[in-house]
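Subject: Structure handover

Hi,

Here is the structure I promised to pass on to you. Please open it next to this email, and the notes below will walk you through what turned up.

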Amino acid sequence: MLDLSAELVAFLMLGGVFTLVLTGFPIAFVIGSVSFIVGILIFGPTTTYHILYSRFYSLSLNYPYLAVPLFTFMGVILQHSGITKDLYESLYEVLGRLRGGLAIVTIIFGTILATCLGVIAASVTILTLIALGPMLSRGYDKPLAAGSIVASGTLGILIPPSIMLVVYGPQAGISIGQMFMGAVFPGLILAFSYVVYIVVRCHFNSELGPPIPADQMTPFSMKKLWRLLKSLVPPIFLILAVLGTIFSGIAPPTEAAAVGCLASILLAIAYGKFNFQLLSHASLETLRVSAFVVMIAALCYAFVGVFMSAGSGDVVSSLILAVPGGKWASFAMIMLIVFLLGLFIEWIGIVFIIVPIFSPILSHLGFNPLWAGMMICINLQMAFQTPPMAMSIFVLKGTAPPELELSMSDIIKGVIPFVLIIMVVLFLCTVFPGIITWLPEKIMGPAH
């Protein structure tokens, strides 16, 4: 065993993860390998085995994480249920005559999808398949079309029921229900800001998002209104089944996720899409995603166990608290670290590594734990849209039909304004923390 200082251990573990992630190895294996090797070096095999096994096993049995497979199953069933296409077409009939109308419809549709799915890959895939072709065929600017799909598709990781909030809450000791409520207004403000951005840009340059040509317009009618209202029934039914169950206090998020699974199956049956093939596909996809999440979560939890046992958590804490400028400068440093990590590491790895380290620091600085947690989650919205990691960008690029000739530069150019909007919303939530805390405090009381 080596007698290494806490500072050197912190450098080896954090630097090792950062370096090995760049090699392309899966994040779970990277984090597990670093924690195992460093643990053997400083604690020996027996102690390392105890730390890794006990933490891996305890997290694997953490009850709140049962919501992860349940929400994943719900999202996959809905993805293939047939409710999405009708809703998009109905919204387009109502808003298509506006400048940038299709992009606005994409943002609204993406926001509704976020309340139903909570799985980024599914949301971005659906939006790409349904919205990208119609926008580009009607002369929409490629960056604007791509940016609106990526931004609205990524809302699913923030607007409840969000897998990120389910993962973050137990790590920080915050109720998942409070996290869900705290995410409602920031998510809606982001969606509204995206719509405002599109309206303003297309107002000054109609070529970016031309309206439906006059010869293709049909007058608005009660039939169109009825079709829109009918297409809104399924998502409203699902929202009431999940969020209504939580917000009314009938059941906690884990049980509400089970209610959502039942609701999604009923919707698939109603649309005639439910069959053994769909059930099999949803089950296998749920197993894949859940195993991925639990594996990364457990190995990150073990990583943090070695990191904290070596005293490296105190090193990070002292470094952040020593930043000149008081508590707000320290908070800005934490947010910058989260943003930079989001460029290179998947969000789930970031959450499981930083939350146990940063939560005590944020508490020491006197920040509301719910507010601070939601600020980090909003920040991580950018991780899905900023290369080189940028999962939403890669999903869009991989799903887009080749004949549309959408380049990676088009997508990156399109997401930049939406990333800037997220930064503005972060600033608003800093100046007006009630955006996050008002609803959960009103319904459930202050977070402790």
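A salt bridge here is a side-chain nitrogen of Lys or Arg within 4 Å of a carboxyl oxygen of Asp or Glu. With that rule, the structure holds 1 salt bridge. Please keep in mind that this is a predicted model.

The partners are Glu-285 and Arg-288, whose closest N and O atoms are 2.7 Å apart, so the pair falls within the 4 Å cut-off. Both residues sit in helix 13 (residues 276-309), and because they are 3 residues apart they are separated by about one helical turn. As a reminder, an α-helix has 3.6 residues a turn, so residues three or four places apart point the same way. Side chains of opposite charge can pair when their charged atoms come close. As for cover, Glu-285 is partly exposed at 24% relative accessible area, while Arg-288 is exposed at 52%.

On to the cysteines. A disulfide needs two cysteine sulfur atoms within 2.5 Å, and the count by that rule is 0. Take Cys-429, which is in no disulfide: the nearest cysteine sulfur belongs to Cys-377 and is 12 Å away. Cys-429 is buried, with a relative accessible area of 0%. Cys-202 is also buried, with a relative accessible area of 0%.

Helix 7 deserves a look too. This helix covers residues 120-137, which makes 18 residues, and reaches 25 Å from its first C-alpha to its last, close to the 26 Å expected at 1.5 Å a residue. After helix 7 comes Gly-139, which has a positive phi, near 85°.

What makes up the nonpolar surface patch of about 470 Å²? Its members are Val-424, Phe-427, Leu-428, Val-431 and Phe-432. Val-424 belongs to helix 19 (residues 408-431), and its relative accessibility of 48% makes it partly exposed.

Leu-370 is buried, with a relative accessible area of 2%. Between Leu-370 and Ile-236 there are 27 Å in space, C-alpha to C-alpha, and the two are 134 residues apart in sequence.

Best wishes

Key. Residues are numbered from 1 along each chain as its sequence is written. This is a predicted model: local features need pLDDT of at least 70, side-chain atom pairs count only at pLDDT 80 or more; totals for chains, interfaces and linings use all residues. Side-chain values use heavy atoms; hydrogens and water are left out. Patches are made of residues with over 30% relative accessible area and no salt bridge: like charges are joined within 9 Å, nonpolar side chains (Val, Leu, Ile, Met, Phe, Trp, Tyr) within 5 Å. Accessible areas come from the Shrake-Rupley method with a 1.4 Å probe; for residues, only the protein chains shown count as cover. Helices (H or I, at least four residues) and strands (E, at least two) are DSSP runs, numbered from the N terminus. Buried means under 20% relative accessible area, exposed over 50%, partly exposed in between (1.4 Å probe, protein chains only). The expected span of a helix is 1.5 Å times one less than its number of residues.
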